[in-house]
Amino acid sequence: MIAVYPGSFDPVTSGHYDVIVRAAGMFERLTVLVAGNSSKSPLFSSEERAGLVRQACADLENVSVEILPPTLLVEYVVGHGAKVIVKGLRAVSDFEYEFQMALLNRHLQPGVETIFLMTAAEHAYLSSSIVKEIARLGGDIHGLVPEPVRVALAAKFDQEQAKK
Ligand code: PNS
């Protein structure tokens, strides 16, 4: 069975990576789907975000990484021959938004199920936004993100500094 793990991944964190590894162990194939989120203006382009997920997941044989074209997630999932959407849940605060999306996705495409994996406790406090803030302010993000992401964030913020 194929599962799809969608998200903004701007950038992929160690919390996302943990969900990817666990989901990859549950399904024959896992597609990590990098999607734009219309309410956020991303730091990395879709191609950069997908490239970073690819580097982080290079050792995971049944994981592939794609970019969501301008279409609904459930349309992509069905077109991809998948029936399951995987999402990670960190805390109660994630629940309402995730519940809304899961119910709307089921309304749009009743044949597709959303399953939730609880985050590993050590990643419960992590988010892409907070990691970007720490990196922007020069803090240490070792361990909070896969190593290629740490390097890419450092390069991004070095470029920003150089422009000032
Ligand atoms: O990492 P995020 O920002 O929580 O991911 C949100 C994402 C990309 C999964 C969501 O915005 C999404 O599914 N976008 C694709 C467009 C779509 O199908 N929207 C309707 C969802 S009910």
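Visitor: Leaving aside its neighbours within four places in sequence, what is S128 in contact with?

Guide: In this predicted model, S128 is in contact with D10, P11, T13 and H16, once neighbours within four places in sequence are left aside. S128 itself lies in helix α5, and its side chain reaches the backbone oxygen of P11 at 2.8 Å.

Visitor: Is S128 buried or exposed, then?

Guide: S128 counts as buried because its relative accessible area is 14%, which falls under the 20% cut-off.

Visitor: Switching to the core, how many residues does the largest nonpolar one have?

Guide: The largest nonpolar core has 34 residues, and those with the most contacts inside it are I20, L30, V32, V53, V63, V86 and L153. Among the elements that give two or more residues to this core are the strands β1 (2–7), β2 (29–34), β3 (63–67) and β4 (84–89), together with helices that include α1 (14–24) and α6 (147–163). There is also a second, separate core of 12 residues, which includes L68, Y76, A82 and V112.

Visitor: What does V32 contact, beyond four places in sequence?

Guide: With those neighbours left aside, V32 is in contact with Y5, F9, I20, V53, V63, S64, V65 and E66.

Visitor: And the largest pocket, which residues lie nearest its centre?

Guide: Those are G7, S8, K40, K87 and Y97, out of a lining of 46 residues, and the volume of this pocket is about 1200 Å³.

Visitor: Which element gives the most to that lining?

Guide: Helix α4 does, with 9 residues, while by class the lining has 18 nonpolar, 20 polar and 8 charged residues.

Terms used
Residues are numbered from 1 along each chain as its sequence is written. This is a predicted model: local features need pLDDT of at least 70, side-chain atom pairs count only at pLDDT 80 or more; totals for chains, interfaces and linings use all residues. Side-chain values use heavy atoms; hydrogens and water are left out. A nonpolar core is a set of buried Ala, Val, Leu, Ile, Met, Phe, Trp, Tyr and Cys residues joined through side-chain atoms within 4.5 Å. Buried means under 20% relative accessible area, exposed over 50%, partly exposed in between (1.4 Å probe, protein chains only). Helices (H or I, at least four residues) and strands (E, at least two) are DSSP runs, numbered from the N terminus. Contact means heavy atoms within 4.5 Å. On a 1 Å grid over the protein atoms alone, a cavity is a set of points where a 1.4 Å probe fits but cannot get out, and a pocket is an open set with protein on both sides within 12 Å along at least five of seven lines; lining residues have an atom within 4 Å of a point. Grid points are joined across faces, edges and corners, and a volume is the space filled by probe spheres set on the points. Ala, Val, Leu, Ile, Met, Phe, Trp, Tyr, Cys and Pro count as nonpolar, Asp, Glu, Lys and Arg as charged, and the others, Gly among them, as polar. A polar contact is a pair of N or O atoms within 3.5 Å; within protein, one must be able to donate a hydrogen and the other to accept it, and residues adjacent in sequence count only if both atoms are side-chain atoms.
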